[in-house]
Amino acid sequence: MAGALVVLGAGHYGWALLMAEETWQVVGLLALAGMATIAAYKTGFVRRVERDWAEAEPQLNRLAFAVLIGLILVLAGSHFALLMISTVLLYFIASLGLNIQFGFTGLVNFAGAAFFGAGAYTAAVLGAQALIPPLLILIAGGIVAMAISLPLLVPIVRTTGHYAAVVTIAFGVLFRTFLEVNEILGGPQGLMVESMKLPGWDFYNAPNLFGFETSFYLNYALMAAGLAALVFALFRRLERSWIGLHMDAVRLDETAAACFGISVRKTKILAFLLGNLILGVSGALYGMMISFIAPASFTFSDSLLLVSIVLLGGLGSPWGGVVAATIVVLLPEKLQLLQEYRFLLFSILVILVLLFRPEGLLPRHLRNFFPNRRTGA
Amino acid sequence: MKFNTRKSLRAVVFSVGTSASLLAAVAAQAKDTVELGFIGPLTGGVSSMGLGGRNSAELAVQLRNADPNSKYHYELVALDDECKPNVGVQVATKLATDRKVVGTIAHYCSAVAMGTVDVYHRFGLPMTVWGAVLPDITYGNDYPEITRVNGTMINQNEKAASVMTGLGYKTFAIIHDTTDYGKGHNTYLTQFLTEGGASVVGAFGVTADQQDFTAELTQVKALNPDVVVYAGLTPGGVRVRQQMEKLGIEAVFEGVSGIKSDAFFEGLGGELAEGTMTFLEGAPAEKLPGGAYFLKEYEAAGFDSPPEAYGPFAFAAMDLLIDAVEASGPDRKAIVEYMGGVKEHASITGPITFDDHGQNTVALITAYVAQDGKWVVWEDSEYASGARKLVAPK
């Protein structure tokens, strides 16, 4: 019950935050969230929510998805709110990819935006040719992101910790420079991206729901929601599988993992490629939605933003990722009213959160092998 | 206890709203409020340009609100595009889908403007560019919503070609970087030079961060042109000039707007830089037709950052937009129509006339020459008066 209440409450809160226009509304909502969190801790409500989640996760996940779709439909007419929801969802999907690398396997990837961008650029190039159906372009975006990470495998596997991180930073810089000097890929000025098309359904046009004029972003919001649900389910299943166990073992102690016969190399390669695949797919859909991309959109600071979603949410915690993606994407936008000071306030908020919750907003719990098990307590 | 927290929260909220906006709200009661947008880079590497533009637009709004004859009360909605296309699309969508906003001036960064023009067109929001210079923003589409008050690299090169050929130079060698910026300059400069009767004896593409230009310059030396042009940014310009000296090339060195910075002198020292020509959209604010007025008001308004090179254009664009609202009412379609017919419209940057793509055709371009370690407006320089001489045409 408590869990369902939180899901519904979060949906309502999301609606309020998207609709908030005035500074006092935004500040008020932030204060409300802070106070509600403190109150939940003081009254022991948090423990009940956690128990609910452990007992009935599948049902609650489905409820959350339903609330998300409901939220999207309620906002069907407002372009900007839907653009923000879609952006949050796509960044969330990207953060799941990073979580497989970073949260599970302990591979720090500081080139997240590069792989995200590789997907977007694939969408731009393939969309312009119109040779293959756009739905396949999404997958192609993931495959290209994966393919360009192949040359990185050798240094990633041979190095550990900080050294691997430096390798990815170098790659991120390399990727951007490559785009800027590359004439075919639009150079520094960027490229147009064709919109998403399903058979008989062009995402450029606004769908007409029961005679009600909606926004064309509704298409992208629904698609992003579907994709997020799919990747989320995959992520959870991966976590419960033996692969997830191997990844955790590798992160915690490589030597011990190797002693138990786990191939550290194979596990790292799998995590790195799978994570980049997810990053590429979400990047491809993001490119189609934004419809114009340039190297300036995929810089090192964007990679840091993705890493900060993972850290802020809690390593390996997908639900934390949802909350963190909302904060990282929506908050700077809502603070536009502060103009040049908005990133200052945003940074202070992030530091405050990590000060009081050093393990992230919703730290990862022990893996739940039997999500439908009743504890009886 | 609970009452107290709420009370203090309220106090905080109130202190956030500035007293200025409260005063404005009181004054507004008599007239209908019209919201106008501003988009530019308010954070990040080029934020000084964005802040200067924002302040200048704000100034245009304040001055009009102080005018008792204005029909409406104006309010500025300023948003930050961070000089990133994806953020630009986001804030443009926010502004364009807000029905209260009837028009906007936007963008310093060309790549951002390229990404957002579709958004404005799609939602029918009239947008006037105040800073971005890429020709394609206005010429790459047929959107009636998009207009631009500042010049493009087309205007810049037209002026550059006419000034240089006017001084009697006939043969040019162009070294350009391979970004859109460098390539665009090469294309337009070649076009206008050829039309002006001069000839381009050689053009060489180089990467934006090339260090050694000896190979290109050796060929240039053999061609023996009157003028060596570098179309790119300051670091490349500094190196080309240094290496020209090393190879003993006797020619005028000409740059484009990208080298007009103080860093050019820091890199070269005054002596080598001496006599370098370059061209820039606009003019020093004090040289503009309404520059003295603009600077005086800007000073009086007490902004904490300078207007920068494009501030006057942001002011002119916002002023034009307000004129459009005054003339045709706060309606997007009417404003788009009004903008389509703008001819010889008075502004502080000189009269504005839009062509059929919404580009200001009488955009102001100023020629500069390096003199004693400073960029001096050509007409005021000792070179123009004859006290000093550039390398003579061959």
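This is a short tour of the model, one selection at a time.

You're looking at a predicted model, where local features need pLDDT of at least 70, side-chain atom pairs count only at pLDDT 80 or more, and totals for chains, interfaces and linings use all residues. Residues are numbered from 1 along each chain as its sequence is written, while chains are lettered from A and ligands numbered from 1 in the order in which they are written.

**Stop 1: the sheet in chain B**

You'll find an open sheet of 5 strands in the order β2-β1-β3-β4-β5, with parallel pairing; strands pair if DSSP finds at least two bridges between them. β2 and β5 (146-148) of chain B are at the edges with a single partner strand each, so one side of each has no neighbour in the sheet. From one strand to the next, the twist averages 25 degrees.

Now pick residues 33-40 and 73-80 of chain B: these are β1 and β2, parallel over 8 bridges. Click B:Leu36, and its bridge partner in β2(B) is B:Leu76. Then move to β3 (101-106) and β4 (127-129) of chain B, a parallel pair with 3 bridges. Here B:Ala106 sits opposite B:Val129 in β4(B).

**Stop 2: helices beside the sheet**

Next show α4 (residues 85-96) of chain B, which lies across β1, β2 and β3 of chain B and runs at about 155 degrees to β2(B). Axes here are lines fitted to C-alpha atoms, for helices over the stretch in contact, and angles run from 0 to 180 degrees between N-to-C directions.

**Stop 3: two domains of chain B**

Colour 2-151 + 287-363 as domain 1 and 154-281 + 366-385 as domain 2; the bounds come from an automatic or database domain assignment. Their centres, taken over C-alpha atoms, are 34 Å apart. Where they touch, 7 residues of domain 1 are in contact with 8 residues of domain 2 (contact means C-beta atoms, placed from the backbone, within 7 Å).

**Stop 4: a helix pair in chain A**

Switch to α10 (217-240) and α13 (264-290) of chain A, whose axes come within 11 Å and cross at roughly 175 degrees. That makes α10(A) roughly antiparallel to α13(A) (the label for angles over 145 degrees). Show the side chains of A:Tyr220, A:Met223, A:Ala224, A:Leu227 and A:Val231 on α10(A), then A:Ile278, A:Leu285 and A:Met289 on α13(A), which make the contact.

**Stop 5: where the chains meet**

Finally, show both chains: 24 residues from chain A and 28 residues from chain B form the contact. On the chain A side, α2 (23-43), α5 (79-104) and β6 (292-293) each supply at least two residues, and α2(A) gives the largest share, 4 residues.

Key. Contact = placed C-beta atoms within 7 Å. Parallel < 35°, antiparallel > 145°, perpendicular 65-115°, else oblique.
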